[in-house]
Amino acid sequence: MADINSAIYDFPEMPIDVMGLFFFAYRDFVRDADALLDKQGFGRAHHRVIYFVNLRPGMTVADLLDILRITKQSLARVLRQLVDSGYVAQRHGETDRRQRLLYPTEKGRQFFEVLSATQTRRIEAAFAKLPDHARDAVRGFFIEMTEPSDRAMLKTLRLDSGIS
């Protein structure tokens with residue numbers, strides 16, 4: 001039987017352990033939400049749109065494209081499904097009618113809360129087992145994992161909470 005941990009020793013200069021832990025944590029973080037999304041015929045792309053539209057109601061489609069870094073075509077398909085299903089509403093900009101502003105509907109807000117509740121429970125349970133200062137360290141880690149060019153977006157979305 002092969003030693004599945006041998007890579008940790010074969011590549012001592014790589015944070016293989018952190019990479020593996022990141023994989024398992026993410027897999028489990030999205031598991032419950034994925035099951036709920038699947039019941040609606042949605043996937044992770046739909047979840048990302050629902051998340052950011054609820055996080056920043058009134059954002060433009062261009063802003064969402066900038067955050068998600070997906071093609072217009074990919075977003076158009078996902079957004080159409082969310083609009084047609086009553087989770088997201090689109091409105092024209094008041095000063096520029098060409099702008100499409102995105103808002104969660106009540107149905108979209110409720111779904112966001114259900115999806116987020118499962119993930120909140122997992123995050124809070126993990127933090128409950130760590131020292132008090134761990135939350136800031138974890139958030140700092142994620143900020144540092146983000147491309148420096150995206151740090152302004154973190155501020156705009158209020159995801160940096162003063163950590164620099």
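**Nonpolar patch and salt bridges**

Phe141 lies in helix α7; helices are DSSP runs of H or I with at least four residues, numbered from the N terminus. The model is predicted, so local features need pLDDT of at least 70 and side-chain atom pairs pLDDT 80 or more, while totals for chains, interfaces and linings use all residues. Residues are numbered from 1 along each chain as its sequence is written, and side-chain values use heavy atoms, without hydrogens and water.

**Nonpolar patch**
- Val18, Phe22, Phe141, Phe142 and Met145 make a nonpolar surface patch of about 470 Å².
- Such a patch takes nonpolar side chains (Val, Leu, Ile, Met, Phe, Trp, Tyr) joined within 5 Å, from residues with over 30% relative accessible area and no salt bridge.
- Helices α2 (16-39) and α7 (134-145) each supply at least two patch residues, and α7 gives the most, with three.
- Phe141 counts as partly exposed because its relative accessibility is 38%; buried means under 20%, exposed over 50% and partly exposed in between, with a 1.4 Å probe and protein chains only.

**Salt bridges**
- The structure holds nine salt bridges, each a side-chain nitrogen of Lys or Arg within 4 Å of a carboxyl oxygen of Asp or Glu.
- Arg44 pairs with Asp34, with the closest N and O atoms 2.6 Å apart.
- This pair links distant parts of the chain, ten residues apart: Arg44 is in helix α3 (residues 44-55) and Asp34 in helix α2.
- Arg151 and Glu144 form a salt bridge at 3.7 Å, N to O.
- Within the Arg27 and Asp28 bridge the N to O distance is 2.9 Å; Arg27 is partly exposed at 36%, whereas Asp28 is buried at 16%.

Conventions
Patches are made of residues with over 30% relative accessible area and no salt bridge: like charges are joined within 9 Å, nonpolar side chains (Val, Leu, Ile, Met, Phe, Trp, Tyr) within 5 Å. Accessible areas come from the Shrake-Rupley method with a 1.4 Å probe; for residues, only the protein chains shown count as cover.
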